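This report is written for a reader who meets the structure for the first time.

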Amino acid sequence: MRRTPVAILAVAGLAMTACSSGSDKKNDSSHSAAGVSTSGGADLTGAGATFPYPLYSRWVSEYAAATGVKINYQQIGSGGGIKQLQEQTVDFGASDAPMSDSEMVKAKGGAVFHIPSVVGLVAIAYNLPQVTQPLKLSGPIVADIFLGKITKWNDSRIAALNPGVTLPNSDILVVHRSEGSGTTYVFSDYLSAVSPTWKAGPGKGKELQWPVGLGERGNDGVAGRIKQTPGAVGYVEMAFVKQNRLSSALLQNPSGQFVAPSDEAATAAADAAIAKLPANSDYRISIVNSPGAGAYPISSLTYLLVYQHMTDAAKAKKLSDFIKWALTTGQKDASSLDYAPLPPSMIAKLTARADSVATGSAR
Amino acid sequence: MSEDVAPRIASRPTPALVPAEIEGASYGDRVYRWATTGFALVIPSLLLLIAWEVFRAGWPALKTFGLGFFTSSAWDPVNGNFGAAPAVFGTIVSSILALIIATPLAVGVAIFLSEFAPNWIRQPIAFFVDLLAAIPSVVYGLWGVLVLVPFIRAHVMPFVKDTLHLGDFPLFTGAAYGPSMFAAGCILAIMILPYISAVTREVLRAVPRSQREAALALGATRWEMIWDAVLPYARSGIVGGVILGLGRAIGETMAVTMVIGNRHELSASLFQPGYTMASLIANEFAEATNDLHISALMAVGAGLFLVTVIVNAIARWLVWRTARVGDGGT
């Protein structure tokens, strides 16, 4: 409440500059009071993906400390975030998987921008107490393990990639997510890219018909089950590998290198994928199995979802400012929380895109 | 209970003589009566409303897949193909498994407490058994994840497979994950034990003293007295308690989700992961991918609703029957 007069001044000032410049911030003047009318204490509300929540919540608190703009982000899941954005009950959504065309059409507020906020990586975690050095795996082998075609750890194909490693003659126990999840989407996106059989079979989605294995709820559930069960293998976000001190496999990328999951390797994957994009890309892209040198194959972008045209110009300005802050200052927080920062090549393009949110006219 | 209440009602003055029926007070009485009637009607209408909503929401899936929805074991959100057979199967199997484990234990505890236990031990044990019912299911789930499942994986499964050499027996095939139908049955057994035990204890206590004395007078041993005179008398009441436990097992969600392994597959092996209807809904509802997926989950909910209604109806009927038998006996 203490900040209210400041907010009025800020918004009024914004409206005045908008009127005087007169070029592209046409509709701001009609909303000079809108900025202070937000109830519940938050200036902006957002909802969606749980995966980037630790980062977003740090951003929210740092941004509030730096600028006084309060943002309320609720981790309700990617699917929920998309639904709330479609219904316009939040100012921005967040999702690990890009919205499909049919989801885009259902958005009541018009065109939706996908703005990648950070790069995530999914690790193949396993529990083999006898094996001390990191296991090397290739895409087709991972796919065949999760297809149930490779069932023993000492399978000749795994052994061929790991000379000198004594692999146990035990069952491979596959663990996957039991609920719909962005992590599953990214992982199945990768498996579809490296295995035609997987693409034709379970396919790509937030939730799949798994050929083998058991389901656990949440990254923590999967990580916990792997930690507890010798012979288990599963896919989890990098942060959970570190928290649970699990072993993670080196994965072979299209350049033939075996790459450990790390933030540099994920940023490299994003960089290589972005280099191939056309200038006007909507960023609804997959960066799995990215060709770059040193790129980690199971990397993904997580998105902020915003309407190109927001009816409330003051909110549009605040949101655009926040996104620009997140793309620049905010990226410094990524590594310490086990995310990978966006490659510098993306930042300028995305900042321009965030700007066009603020200037959009009401429908 | 009904035996206590019935005579008192009968001995009251006839309604015409009750002071409340006097003219001046009748307005307040009528308001009171309509208000309580209203309250009473809220509950059944709430139930009907829930049933209606669940069936309505599940209708698109039931229409798309027909009755095959309950016999198909496909659950493929990517291609929009859903079938609830593994979940229905898992619900029934895990609940029955729980009953098989819990019933002898619970009845045994109840017999001990009502027939054998000295007073100083009866109260504490009864208290602890009842306390099992007060533990939140998520705590059972955590215990299952951290203690029960590792124990089953590291000791029970190797024992059955390697020591008893039963690994090829259909009930025990497959890789030893730990989370399994067996783990779910075990945890459910512990959870429903206090319900069955409490009901059985009450029923045994209601068996008339004359019944016991008659058996003893005929020269029966204590064991014969319990087996031939007390248990038959209490049988339908015990069955009612078991059915109540079954209802609880069918609806249990959280603890089962944490130990059953959440796998859409019909498997005869108790050591393989499975699914139940309740855990399926709990897992997938928040992140359901499309309208048909949500509808399929609601249809599973409708199926679960039907099963629990049927089980509760059976329990009611059995309890009612017990009460009548009890009346006839005294």
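How many helices and strands does chain A have? Chain A has 13 helices and twelve strands, where helices (H or I, at least four residues) and strands (E, at least two) are DSSP runs numbered from the N terminus. The model is predicted, so that local features need pLDDT of at least 70 and side-chain atom pairs count only at pLDDT 80 or more, while totals for chains, interfaces and linings use all residues. Residues are numbered from 1 along each chain as its sequence is written, and chains are lettered from A and ligands numbered from 1 in the order in which they are written.

**Chain A**

Of the 363 residues of chain A, 54% count as buried. A residue is buried if 20 or more other C-beta atoms lie within 10 Å of its own, exposed if 12 or fewer, and partly exposed in between, with C-beta atoms placed from the backbone. Among the contacts in chain A with a separation of 6 or more, 72% link residues 24 or more positions apart; a contact requires C-beta atoms, placed from the backbone, within 7 Å.

Helix H11 (residues 263-275) of chain A is mostly covered, as eleven of its 13 residues are buried. Among them are Asp263(A), Thr267(A), Asp271(A) and Ile274(A). The end C-alpha atoms of H11(A) are 18 Å apart, which agrees with the 18 Å that its 13 residues should span at 1.5 Å a residue; the expected span is 1.5 Å times one less than the number of residues.

Chain A also holds an open sheet of three strands in the order S5-S10-S11, with mixed pairing. Strand S5 (136-137) and strand S11 (258-259) of chain A stand at the edges with a single partner strand each, so one side of each is left without a neighbour in the sheet. Strand S10 (residues 250-252) of chain A runs antiparallel to S11(A), and two bridges join them; strands pair if DSSP finds at least two bridges between them. In this pair, Leu251(A) stands opposite Val259(A).

**The interface**

In the interface, 22 residues of chain A are in contact with 23 residues of chain B. H3 and strand S7 (214-216) of chain A each supply at least two residues of the side of chain A that touches chain B. For the complex, the predictor gives an ipTM of 0.76 and a pTM of 0.79.

**Chain B**

The mean pLDDT of chain B is 85, and 90% of its residues reach 70 or more; pLDDT is the predictor's confidence in each residue, from 0 to 100. Among the elements of chain B, helix H1 (residues 2-11) has the lowest mean pLDDT (44) and H6(B) the highest (93). Over residues 1-12 of chain B, pLDDT stays under 50, and the model has three contacts beyond four places in sequence for them. Where pLDDT is low, the predicted coordinates should not be read in detail.

Most residues other than glycine have a negative phi.

| Residue | Phi | Other C-beta atoms within 10 Å |
|---|---|---|
| His165(B) | about 55° | 9 atoms, exposed |
| Asn262(B) | near 50° | 30 atoms, buried |

His165(B) has its place in the loop between helix H5 (137-163) and helix H6 (181-206) of chain B, whereas Asn262(B) lies in the loop between helix H9 (254-260) and helix H10 (277-284) of chain B.

Technical notes. Two residues are in contact if their C-beta atoms, placed from the backbone, lie within 7 Å.
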